[in-house]
Amino acid sequence: MQAWQKLLLVAALATIIVVAGTLVYFNYFSKRRLFISTTTSLYDTGLLDVIEADYEATHNVDLQITAVGTGVAIQQAQNGDADIVLVHSPSVEKTFLEGGYGVNRKIIAYNFFTIVGPADDPAQIYGKTAAEALFNIVQYGENMPDQSGATQIWVSRGDNSGTNSKEKSLWTAAGYNYTELSDEVWFASTGQGMGATLTVADQKGAYTLSDIGTYLKYYSDGNIDLVSLILEEQALLNVYSVMAVSPDVSANQSLHENINFEDAMNFIEYLISDSTQELITNYGKDTYGQSLFTGAVQQLIADEPQPLMRWVQDYAFFDGSECPPQYRNGYEDLYS
Amino acid sequence: MADILADTAEALQLIITGDPEILGIVSRSLLFSGTAVILAILWGTPLAMLIAMNEFRGKTLIKTFLNTLIGLPTVVLGLILFLIFSKGGPLGFLGLLYTPAAIMLGQAVLITPILVSIGVSAIESVDPEIMSLSRTLGASESQAQVAVLKEAASGIVLSDLASFNRAIGELGVVLLVGGNIGGGGNRTDVITTAISRNVQISEFGLAIALGILLVLILFTINMIVAVLRKANYIVELAKPPFSRFKRNRETKQ
């Protein structure tokens, strides 16, 4: 074969691959797209993969999921980059609703935060309350021999995520100022998601705050050796909600022409359906020995178990409702 | 929506007022990548000399391999280094992961192919006559090698600067083995990781400021390269060929 023939062959092959790839690409995107910005924990645990597969199997919708942390998810939604947000920071959610960006909030699941750390527990926080544990960690950090900055014993998300804002409120409750603490030599922050932060804490032999779901997933998969050291308490409650982005928010032209409100609401109805709630509660039970998340919808209706449901209401309800009437846009049956 | 004008104005203000956060990030970038280049020079330059000054089987293979490695995605190298440095990995006992040392080492490994590859070309482009001539003029083997190295100096400096460019602008290695660690201890957040992070949390002003500074750094380096090339060209024209060796010989006598 002559050189030019080879060249022609290669060129032809390359063209076929590119054209085929483009066709596949366009076929794939011929579905309607629903942009979801989510907290990293739902994604890092693999739960959203399961939900995505289940939902896409029965709907002609392509879920476009970006896992970014609550603060960024809310930001993206305000920018018109998302149709729906899955988040876990009630105070941030309230501001989002009040700003008119989000509507039709539903609480979908809950679990607990925990402080995880090395098994030898140098700061001796085992079995303590969160406030006591944080106090011990500060004491240990201030008194440990290495003050050069090479040893860091606390790893913070530092990314305005739901976990990060929970961490800040726990520090405040323990009597500390998060901003001041973050300048201490023993204090590190990653600016990354829960999974990456757990990995950093594990490698450094440091403590961090994590939702129990992501922690169990990483621990059971053998990615980290950190152990969960403190017990469940009201202050550590973690509540996940879904909100549709208001159709009045102007969509970012670079992503999509209009907020896909209809599919967003359809997805919310899917999330709170009995079968999806069961899927959420059972997710990972076999693999990890316990549920990573507990579906909240039926439990809130039944107001059982207590005191858990009272805690959820105290923490994540606004004016006695998961979504006061002024933040609703149709779909009243969601709240009956 | 991000307001580009307002964010850019904020960025310029941050730069002009010498925001300490930005200064810290930029100086870490310069320090880490600078050290990485020095490390890479330590093992890269001898390697380049070894490859360029000897004829052996598989030389073309090695050179092709090096050229391939130049294009290695940084995130792939980041992954490999992560596995090596992490607790269960072969070098895990050193406790290097997520430390400044890991970044410097990682970037040094990253730029070694580019440093060696350009270095080899520079040395090979030196007239082979110089080697034999300096020998005939009484130079020992190592002196002759130094003579060749001197002739190739501008090319070698070029390879060092290109390596620095590659190091300071990469994200994959620095994020995966550095971890973008902020806080009060030893920090590993550098320009590229800080840009990525600040875009994510919508701090566009800070991100733009860092972007401007990174481009300025790269521009400065490229200016230095350009000036060096030009200056070297003039020097080459100005000096009579091989004058240095003759002078050496004269002083010896």
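Chain A has an average pLDDT of 91, and 97% of its residues score at least 70. Among the elements of this chain, the lowest mean pLDDT, 85, belongs to helix H1 (residues 3-28) of chain A, while the highest, 97, belongs to strand E5 (residues 154-156) of chain A. Where pLDDT is low, the predicted coordinates should not be read in detail.

The largest nonpolar core has 153 residues, of which Ile84(A) and Val85(A) touch the most other members. Helix H5 (residues 100-124) of chain B gives the most to this core, contributing 15 residues, and at least three residues come from each of domain 1 (10-111 + 238-335) and domain 2 (112-236) of chain A. When residues up to four places away in sequence are left out, Ile84(A) touches Leu34(A) and Ile36(A) as well as Val242(A), Ala244(A), Val245(A), Ala264(A) and Phe267(A). In soluble globular proteins, nonpolar side chains tend to be buried together.

In helix H7 (residues 141-151) of chain B, the buried residues are Ala144(B), Ala147(B), Val148(B) and Glu151(B). They lie on the same side of H7(B), because the arc that they cover around the axis is only 95°.

Asn160(A) counts as buried because 22 other C-beta atoms lie within 10 Å, the cut-off for burial being 20 or more. In chain B, Asn180(B) is likewise not a glycine and has a positive phi, of about 55°; its place is the loop between helix H9 (172-176) and strand E1 (182-183) of chain B. With 26 other C-beta atoms within 10 Å, Asn180(B) is buried.

One joins Glu304(A) and Pro305(A), with omega about -10°, and Pro305(A) is placed in the loop between helix H14 (297-302) and helix H15 (308-316) of chain A. Another joins Gln306(A) and Pro307(A), with omega about 5°, and Pro307(A) also lies in the loop between H14 and H15 of chain A.

Terms used. Residues are numbered from 1 along each chain as its sequence is written. Chains are lettered from A and ligands numbered from 1 in the order in which they are written. This is a predicted model: local features need pLDDT of at least 70, side-chain atom pairs count only at pLDDT 80 or more; totals for chains, interfaces and linings use all residues. A residue is buried if 20 or more other C-beta atoms lie within 10 Å of its own, exposed if 12 or fewer, and partly exposed in between; C-beta atoms are placed from the backbone. Helices (H or I, at least four residues) and strands (E, at least two) are DSSP runs, numbered from the N terminus. The arc is that of the directions from the helix axis to the C-beta atoms. pLDDT is the predictor's confidence in each residue, from 0 to 100. A nonpolar core is a set of buried Ala, Val, Leu, Ile, Met, Phe, Trp, Tyr and Cys residues joined through C-beta atoms within 7 Å. Domain bounds come from an automatic or database domain assignment. Two residues are in contact if their C-beta atoms, placed from the backbone, lie within 7 Å.
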